[in-house]
Amino acid sequence: MNIDKPSLSKFSTPLIPLTKETTGSKSNLTDIMGKKYDRELSWKIASNLLLSFKYAWTGISYAFITQRNFRIHTIIGTLAIGLGLFLQLTRVEIAIIGLTIGAVIAMELLNTAIESLVDLTVGQSYHDLAGIAKDCAAAAVLISALVALFVAGILLFPPLFIWIQVIFSGV
């Protein structure tokens, strides 16, 4: 079965360097060939860094409120950092735990974004490619969570077992 794919050329970004050009209140990007890419609207959406942070916080808040797994990952990540501090792990070990937690939470945010975009595009209908996109995004979260468990197993469990042995040997 041969299906014609729509042209994406009007949506694709150029692979050549862009320079910013400001004339009055209008911002455009221009490549080295002189082709202009009007980005006026995108520059107006987040006109300053503080506003960009506000939008990012809105995304985090949305995920925390609406996504059960995001809340679970956040709580478990907080507990892992707390346990690492309690067990007096080194700064590098806590940083590694923090990086893996950050990867899981970032994957969960990307998963939420992809699911929202797929739902926006497909609506109430079912499409095999939409299912594949959602399944692959969920798989990325799963893989990062399994890696985080592996890191926790290596860094947290040995000192935790030593602490448990010290507590019970003193009883």
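Which residue caps the N-terminal end of H2, and how far does a side-chain oxygen of that residue lie from the backbone nitrogen of Leu50?

Modeller: The cap is Asn48, with a side-chain oxygen 3.1 Å from the backbone nitrogen of Leu50. A polar contact is a pair of N or O atoms within 3.5 Å; within protein, one atom must be able to donate a hydrogen and the other to accept it, and residues adjacent in sequence count only if both atoms are side-chain atoms. This is a predicted model, in which local features need pLDDT of at least 70 and side-chain atom pairs count only at pLDDT 80 or more, while totals for chains, interfaces and linings use all residues. Residues are numbered from 1 along each chain as its sequence is written, and side-chain values use heavy atoms, with hydrogens and water left out.

The protein chain has 6 helices and 3 strands, where helices (H or I, at least four residues) and strands (E, at least two) are DSSP runs numbered from the N terminus. Their order from the N terminus is β-β-β-α-α-α-α-α-α.

Phe64 belongs to one of 3 aromatic pairs found in the whole structure. Rings of Phe, Tyr and Trp (its six-membered ring) pair if their centres lie within 6.5 Å; planes under 30 degrees apart count as stacked, over 60 as edge-to-face and the rest as tilted. Phe64 and Phe70 are edge-to-face, 6.4 Å centre to centre with 90 degrees between the planes. Phe64 is partly exposed at 37% relative accessible area, whereas Phe70 is buried at 3%. Buried means under 20%, exposed over 50% and partly exposed in between, with a 1.4 Å probe and protein chains only. Of the 171 residues of the chain, 21% count as buried.

Another edge-to-face pair joins Phe86 and Trp163, with centres 5.2 Å apart and planes at 80 degrees. This pair links distant parts of the chain, since Phe86 is in helix H3 (residues 68-86) and Trp163 in helix H6 (residues 157-169), 77 residues apart. Phe86 is partly exposed at 48%, and Trp163 is partly exposed at 37%.

The loop between H3 and H4 holds Gln88. Most residues other than glycine have a negative phi. Gln88 has a positive phi, near 55 degrees, and is exposed at 69%.

Within H5, Leu146 is partly exposed at 46%. Its C-alpha atom is 9.2 Å from that of Val104, 42 residues away along the chain. Ile154, also placed in H5, is partly exposed at 46%, and its C-alpha lies 10.0 Å from that of Glu93, 61 residues apart in sequence.
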